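I opened this structure to look up a few local features. My notes follow the display.

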Amino acid sequence: MKQITAIIKPFKLEEVREALAECGVTGLTVTEVKGFGRQKGHTELYRGAEYIVDFLPKVKIEVVVRTEDVDRCIDAVMRAAHTGKIGDGKIFVTSVERVIRIRTGEQDESAV
């Protein structure tokens with residue numbers, strides 16, 4: 001099993017959720033986060049004063065899938081989150097050693 005973590009622009013969340021649902025993903029975790037990459041934030045104007053916004057709002061999506069579904073899910077996230085502009089985000093894939101469903105005690109693939 002693998003965990004896919006995607007950091008995307010907030011307005012792309014619904015498109016990514018729908019794309020993952022089409023891949024058969026039944027559950028995911030979404031967290032509102034702030035951060036920056038190569039863009040290093042940006043400058044904004046507020047009441048005539050200019051200030052630097054170091055951390056930009058992003059959304060982190062975490063989902064655990066079977067190893068054989070990873071490439072299909074990554075492709076779905078990439079298609080749905082792509083704008084072609086800087087700050088589209090990143091996808092991280094990590095191995096998951098064990099999963100346990102607390103309510104039933106099911107483990108690993110049956111718990112996903």
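Predicted model: local features only at pLDDT ≥ 70, side-chain atom pairs only at ≥ 80, totals over all residues.

Entry 1, the loop. I looked up K12 and found that K12 sits in the loop between β1 (2–8) and α1 (13–22). Is K12 buried or exposed? I get a relative accessible area of 9%, and the cut-off for buried is under 20%, so K12 counts as buried. I then listed its contacts, leaving aside neighbours within four places in sequence: A80, A81, H82 and T83.

Entry 2, the strands. I checked what pairs with β5 (residues 56–65). β1 and β5 run antiparallel and are joined by seven bridges. For K2, I find V65 as the bridge partner in β5. Strand β2 (residues 29–35) is also antiparallel to β5, again with seven bridges. Here I noted that V30 has I61 as its bridge partner in β5.

I compared the length of α2 (residues 70–81) with expectation. Its 12 residues should span 16 Å at 1.5 Å a residue, and the end C-alpha atoms are 16 Å apart, which agrees.

Which residues of α2 are buried? I list V70, C73, I74, A76, V77, A80 and A81. Viewed down the helix axis, these buried residues fall within an arc of 160°, so they line one face of α2. The general rule is that an α-helix has 3.6 residues a turn, so residues three or four places apart point the same way. On the other side of α2, I find D71 and R79 exposed. I also looked up what covers the buried residues of α2; the cover includes β1, α1, β5 and β6 (89–95).

Key
Residues numbered from 1 in each chain as written. Heavy atoms only, no water. Helix = DSSP H or I, 4+ residues; strand = E, 2+ residues; numbered from the N terminus. Buried < 20%, exposed > 50% of the residue type's maximum accessible area, 1.4 Å probe, protein only. Contact = heavy atoms within 4.5 Å. Pairing = 2+ DSSP bridges. Expected span 1.5 Å × (residues − 1). Arc of directions from axis to C-beta.
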